[in-house]
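Hi,

Here is the structure I promised to pass on. Have a look at it first, and then read my notes below.

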Amino acid sequence: MKAKHQRLLTLLVGIVGLGIAVFLVSSAFRDNLVFFYTPSDLSHKKIHPEQRLRMGGLVEQNSLRQDGQTVSFAITDRKNILKVNYKGLLPDLFREGQGVVVEGHLSESGLFQAETVLAKHDENYMPKEVADKLKEKGLWQDDR
Amino acid sequence: MKFTLAKPRIFFKVSRFLFPFIIVMGVLCFGTGLYTALVTSPPDYQQGDAMRIMYIHVPASWMALCVYSLLAILSLFILVWRHPLAEILAISAAPIGALFTLLSLVTGSLWGKPMWGTYWVWDARLTSVLVLLFLYVGYWALYKAYAHPAQGIRAASLLALIGAINLPIIKGSVNWWNTLHQPASITKLSTPSIHPSMLFPLGLMTAAYGFYFLLLLILRARTEFNKRKCLVQENFS
């Protein structure tokens with residue numbers, strides 16, 4: 001075997017080994033790498049009250065109540081629903097039916113006390129006229 | 001193995017021939033790309049004009065990944081075949097890739113503040129791109145850490161190859177884990193979820209970034225080649 005073939009073999013074996021290692025580690029940590037939990041996750045997970053966590057989902061239609069800076073709304077993943085209280089400014093993209101991620105803690109009454117609200121954008125880009133036309137024709141897909 | 005085309009002399013001959021073409025195409029794509037992106041393309045139905053940052057952000061991110069893939073392939077050639085042209089190209093490409101990564105992070109952050117409501121979150125996509133920036137910086141630091149560049153390039157190439165494991169993680173991060181960053185709009189198997197009127201400027205901007213990269217790469221490679229020639233001459237005289 002020539003020296004360069006040996007180098008090639010060593011490197012390839014090393015890279016494949018490393019790839020497998022990283023794959024195993026990341027699949028082992030899959031549960032811990034999530035950026036946010038869904039309301040369903042929270043319903044069957046034992047969460048200590050006052051533990052800081054992030055929860056994400058869609059803002060339930062017609063659930064937004066605004067009184068000055070105090071805001072309350074509900075987050076749904078279409079299976080479970082969770083009410084959220086928040087005091088502060090909402091980001092531009094926040095609206096009903098849109099994805100959001102809230103950071104805060106679950107109070108004992110089952111209400112989510114949010115300290116931060118982040119809007120989650122979807123991967124659709126289109127001009128306003130096109131979006132309106134799609135809605136008119138009933139081709140709009142809100143569910144993914 | 002014979003690399004007739006990959007001899008530095010022939011590479012520079014070909015690149016000298018292509019150079020004016022790359023400049024003209026780059027200027028054309030940048031001009032039309034910026035004009036269509038900033039003036040004629042429509043604002044997004046939800047993000048409004050802020051989505052125009054996307055025309056700067058997305059090509060920068062793609063280029064950051066492309067340049068790193070190139071760096072990883074060149075590193076394999078350096079480590080296995082000790083190829084001189086691969087060394088010159090890798091050294092020339094790495095800082096440009098770092099620049100694209102930084103641009104991607106900065107523009108993404110500026111977009112994130114009005115849209116998400118935060119400049120930065122530690123989700124899987126953002127973190128893995130930050131790691132990419134560190135890999136580029138680490139590559140350069142390792143290369144410069146040795147007194148002799150021939151040693152430095154080997155250590156750095158090994159780092160670049162190991163770091164290539166980050167590329168599929170960046171690409172997959174938005175699909176494997178739930179992140180704040182949205183999933184891919186274009187590089188997915190079904191039809192792109194981006195309207196043609198917005199896809200067109202994005203394509204132009206991507207081409208512009210590509211030509212800009214080639215331009216810088218050729219210029220930097222020439223400098224590196226001449227620097228090495230000077231070093232060799234100094235050592236012999």
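**A buried aspartate and the interface around it**

B:Asp44 has a relative accessibility of 4%, so this residue counts as buried, since the cut-off for buried is under 20%. Keep in mind that this is a predicted model.

Where does B:Asp44 sit in chain B? You'll find B:Asp44 in the loop that runs between helix 1 (8–40) and helix 2 (53–81). Setting aside residues up to four places away in sequence, B:Asp44 touches B:Met51 and B:Met198 in chain B, plus A:Asn124, A:Tyr125 and A:Met126 in chain A. B:Met198 is 154 residues from B:Asp44 in sequence, yet their C-alpha atoms are 8.9 Å apart. There's also a polar atom of the B:Asp44 side chain 3.1 Å from the backbone nitrogen of B:Gln46.

Now for the two chains together. On the chain B side 44 residues are in contact with 36 residues of chain A. Between them the chains bury about 3600 Å², and 63% of that is on carbon and sulfur atoms. Within chain B, the residues that lose the most area to chain A are B:Tyr45, B:Gln46 and B:Asn178, which together make up 21% of what that side buries.

How many salt bridges does the rule find across the interface of chain B and chain A? It finds 0, while 8 residue pairs between the chains are in polar contact. Helix 2 of chain B gives the most to the side touching chain A, with 5 residues. By class, that side of chain B has 28 nonpolar, 12 polar and 4 charged residues.

Cheers

Key
Residues are numbered from 1 along each chain as its sequence is written. Chains are lettered from A and ligands numbered from 1 in the order in which they are written. This is a predicted model: local features need pLDDT of at least 70, side-chain atom pairs count only at pLDDT 80 or more; totals for chains, interfaces and linings use all residues. Side-chain values use heavy atoms; hydrogens and water are left out. Helices (H or I, at least four residues) and strands (E, at least two) are DSSP runs, numbered from the N terminus. Buried means under 20% relative accessible area, exposed over 50%, partly exposed in between (1.4 Å probe, protein chains only). Contact means heavy atoms within 4.5 Å. A polar contact is a pair of N or O atoms within 3.5 Å; within protein, one must be able to donate a hydrogen and the other to accept it, and residues adjacent in sequence count only if both atoms are side-chain atoms. Buried area is the accessible area (1.4 Å probe) that two parts lose on being put together, summed over both. A salt bridge is a side-chain nitrogen of Lys or Arg within 4 Å of a carboxyl oxygen of Asp or Glu. Ala, Val, Leu, Ile, Met, Phe, Trp, Tyr, Cys and Pro count as nonpolar, Asp, Glu, Lys and Arg as charged, and the others, Gly among them, as polar.
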